[in-house]
Each structure stands twice: as C-alpha cells, then as structure tokens.
Amino acid sequence: MGNTTTEKKVLISILGIQRYEDYDNSIEVVAPGRYYVKNNKTYITYKERHEGETEDTTTTIKIDGQKVSVMRFGSINSNMTFELNKKHTTYYDTKQGALIVSVLAKKIHINLQDGEGELEIIYGLEMDHVSMGINSFHIKIHPIEQGGATLPLQLYNMDGHQVSPQ
C-alpha cells in the first residue's frame, strides 16, 4: 500500500443511536477490522452482515482532518460525509430501493492515534428532505493484540441534542 504509515488489526465497537419523536433505538456492532494511515488520512475498515442478509457490507471510514466519510459497499451502498455544521446529501442504496439522505453534523469528536481511540459523531438526519431526528455513532478502536477481544460495551449520552421537527 503506497505511503501507508501505520496498519494494525483492530477490534471495532460501533454504537449507533437513532432518536426521532418517541422512537429511540440503539444498535451495537463489534467487528474485527483494520486501521491504517495513508497520505495523511486515517482509515478504519470492517465487514458486517445485517440480519437476514446473505452478503457482507464492507464499511470504510475515512478521516481527513475534521471531515469524516463513511463509505459502505455490499448489501447497503452509501457514501455519507460529515463536516461540522455542513449539510451533505447522498443516496442510501438498499436492496429495497434508494433514498435521498442528508446529514448535518452537530458534533464531531476524533481522538484516534496509532490504532486506538474513539470517534463520535452526532448528526441530524433527513430522508427525502424530511427530518428523521438526531442520530449518532460512537466508535471505539482497540488493537487486538492489547486485549481488544474483551472490549466493554459503552455508555453513551446524547443529552443536549434534541430532535427538532420541521
């Protein structure tokens, strides 16, 4: 891999939370993956399989300064970009059809170094220009060789980020 400065096998814990009106849901995924730095950008990749699917989805998270892109290929195809206070619109393509999705990052916290740390994004979500509430994901990265297999589940607080209906 050209200009790769760091590459490690890691254990990735992703906690996703969705809040919309009275709906509150969270999903946690723990998966092995890779962490590497290439051309001054940080990458995290992992594979996951959604319930009822026969095909894996490969997710690549690219961190370029304070800009974060989440690219998914497989049973779900999307490329969501998060920049603080900037709205990004893209297609979210599933087997059931494509949706127009917009995200507006309200908080981006990145604390990653040498294959370890965390990434947190809280964002407003719109589907077909209709607010779908406040979502977030909190990712923790642990090197596998440092006991990452015993990664604890995480507590998460989204207080202060209220759903604002349109």
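Analyst: Happy to. Buried means under 20% relative accessible area, exposed means over 50%, and partly exposed is in between (1.4 Å probe, protein chains only). Bear in mind that this is a predicted model, where local features need pLDDT of at least 70, side-chain atom pairs count only at pLDDT 80 or more, and totals for chains, interfaces and linings use all residues. Residues are numbered from 1 along each chain as its sequence is written, and side-chain values use heavy atoms, with hydrogens and water left out.

User: Thanks! Is Glu-126 buried or exposed?

Analyst: Glu-126 is buried, because its relative accessibility is 12%. Glu-126 lies in strand S9.

User: What does the side chain of Glu-126 make a polar contact with?

Analyst: The partner is the side chain of Lys-87, at 3.1 Å. A polar contact here is a pair of N or O atoms within 3.5 Å; within protein, one must be able to donate a hydrogen and the other to accept it, and residues adjacent in sequence count only if both atoms are side-chain atoms.

User: Let's zoom out. How many helices and strands does the protein chain have?

Analyst: There are zero helices and ten strands. Both are DSSP runs numbered from the N terminus: helices are H or I with at least four residues, strands are E with at least two.

User: And what share of the residues is buried?

Analyst: Of the 166 residues in the protein chain, 42% are buried.

User: On to the aromatics. How many aromatic pairs are there?

Analyst: Rings of Phe, Tyr and Trp (its six-membered ring) pair if their centres lie within 6.5 Å; planes under 30 degrees apart are stacked, over 60 edge-to-face, and the rest tilted. That rule gives four aromatic pairs. Tyr-123 and Phe-137 are edge-to-face because their ring centres are 6.2 Å apart and their planes meet at 65°.

User: Where do Tyr-123 and Phe-137 sit in the chain?

Analyst: Tyr-123 is in strand S9 (residues 116–127) and Phe-137 in strand S10 (residues 130–143), 14 residues apart. Tyr-123 is buried at 9% relative accessibility, and Phe-137 is buried too, at 10%.

User: Which residues form the aromatic cluster?

Analyst: Phe-82, Tyr-123 and Phe-137 form one.

User: Last one: what does Thr-42 touch, leaving aside its neighbours within four places in sequence?

Analyst: With contact meaning heavy atoms within 4.5 Å, Thr-42 is in contact with Tyr-35, Tyr-36, Val-37, Ile-61, Lys-62, Ile-63 and Leu-112. Thr-42 belongs to strand S3 (residues 41–48) and is buried at 16% relative accessibility.
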